[in-house]
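Open the model in your viewer and keep the selection tool at hand.

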Amino acid sequence: MLCSRSLICLFVGKDLRKLLKRKDSDAGERAKSLEDLRASLFSDLHSSEGAKRLQQRICGPTVALTFNFMVSVGIILMNKLVLGKVGFNYPIFLTFIHYVLSWFLMAILNVFSLLPASPSTKSTSASSLIALGIVMSLSNGLANVSLKYNSVGFYQMAKIAVTPTIVLAEFVFFSKRVTSQKVLALTVVSIGVAVATVTDLQFNLFGACMALAWIVPSAINKILWSNLQQQDNWTALSLMWKTTPITLLFLLALMPWLDPPGVLSFKWDFNSSAAIFSSAALGFLLQWSGALALGATSATTHVVLGQFKTCVILLGGFILFHSNPGITSICGAITALVAMSVYTYLNFPDSHQQATKGSPRHPQEMKSSQNSKTKLSKENGEAHSGDGSEESV
């Protein structure tokens, strides 16, 4: 009896040692796979080509446009709250706060080596970066000035003029043609948005002048963001990191001209500080999401997204909150949404061609991915070898 117990303990002990050894081996394999994945991620971040591929994999057109859509709705309402109810009547200084917070957050990412690498200086001229920094200060600063003096409806109405400006500028400077079907769809979109917002056109002469002055810098801003990312391998964060200091300098130069005096005497209590800080946080997310959307699509598509947002806000208020903008505005919004759907459908072949012409993956990245897949498949095979079942992951 004692002998049989010893034999049982011996065999059980051997099986237990084998099981523990196997678990240690599996844990080591998994840890090595995770280490390879982390090394591949940091390798991508430290090269401009790898960072660009990583951005394209994680944030495609649908994700980028959805992200930008949600942030855009929030920041328009928040900025109107800050400039109106809070009484912070300094739109240029508000934009300056936005960019200061953006630069601070990117500086933190840079300290921890999480900021994507920039392309070489040979691929992009310094004049392009300086021009982008200048038009960013004009575009965002004048947009907030327009939002202060005009109603949200007139602010959105001014955006309609950005669409033909972008199409004309891309044709003149980049020989980029737009098909007649897309021109017709964009025309119907503009007419629909104009009809939808015609009931909310409150503005004064100075606000209207600021809205008109904002159109050209806004169009150039979108074109430069889109072209630099798609042609020179810039990522959204790396381009923001390079151009934000230039934007801050020019915003400082605009403050004495467009902001009223008395910014130092503003009462900074908890409520106003929280609202301004929330606006600044949304400003960083708006800049980042807008850059991602422009890098994944085009300048014209990004403007159409803004007009789509206008129609959704109007129809959402009618459906959810029983507001009554009038049958004319509702019909205009529905017409614009239908035309936007047609424009999106016409863009599908272009998106498919861009995807097929994308840059090939880096050999090191492919090797790392294959190794990780091989290790994971081995682990899955060992885990399911006992029951003979198959499972797809």
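A crossing is right-handed if the near helix is turned clockwise from the far one by less than a right angle, and left-handed if anticlockwise. Helices here are DSSP runs (H or I, at least four residues), numbered from the N terminus. This is a predicted model: local features need pLDDT of at least 70, side-chain atom pairs count only at pLDDT 80 or more, and totals for chains, interfaces and linings use all residues. Residues are numbered from 1 along each chain as its sequence is written, and side-chain values use heavy atoms, with hydrogens and water left out.

**Stop 1: α9 and α10**

Select residues 205-232 for α9 and 236-258 for α10. Their axes come within 13 Å and cross at roughly 160°. Axes are lines fitted to C-alpha atoms, for helices over the stretch in contact, and angles run from 0 to 180 degrees between N-to-C directions. That crossing makes α9 roughly antiparallel to α10 (angles over 145 degrees count as roughly antiparallel, under 35 as roughly parallel, 65 to 115 as roughly perpendicular and the rest as oblique). The crossing of α9 and α10 is right-handed.

Now show side chains. On α9, pick Phe-206, Met-210, Trp-225, Leu-228 and Gln-229; they meet Ala-236, Leu-239, Met-240, Thr-243 and Leu-258 of α10. Contact means heavy atoms within 4.5 Å. The residues of this contact divide into eight nonpolar, two polar and no charged. Ala, Val, Leu, Ile, Met, Phe, Trp, Tyr, Cys and Pro count as nonpolar, Asp, Glu, Lys and Arg as charged, and the others, Gly among them, as polar.

**Stop 2: α7 and α9**

The crossing is right-handed. Contact residues on α7 include Ile-166 and Phe-174; those on α9 include Trp-214 and Lys-222. By class, the contact of α7 with α9 has eight nonpolar, three polar and two charged residues.

**Stop 3: α4 and α5**

Select α4 (91-111) and α5 (126-149). Their axes come within 8 Å and cross at roughly 130°. This pair is therefore oblique, and the crossing is right-handed. Pro-91, Ile-92, Thr-95 and Tyr-99 of α4 meet residues of α5, among them Met-136 and Asn-140.

**Stop 4: the cavity**

How many cavities of 30 Å³ or more are there? The count is one. A cavity is a set of points on a 1 Å grid over the protein atoms alone where a 1.4 Å probe fits but cannot get out. The largest cavity holds about 710 Å³ of space, a volume being the space filled by probe spheres set on the points. It has 36 lining residues (an atom within 4 Å of a point). Select Asn-140, Tyr-155, Lys-222, Leu-286 and His-302, the closest to its centre. Then colour α11, which gives the most to the lining, with seven residues. The lining has 17 nonpolar, 16 polar and three charged residues.

Notes:
Helices (H or I, at least four residues) and strands (E, at least two) are DSSP runs, numbered from the N terminus. On a 1 Å grid over the protein atoms alone, a cavity is a set of points where a 1.4 Å probe fits but cannot get out, and a pocket is an open set with protein on both sides within 12 Å along at least five of seven lines; lining residues have an atom within 4 Å of a point.
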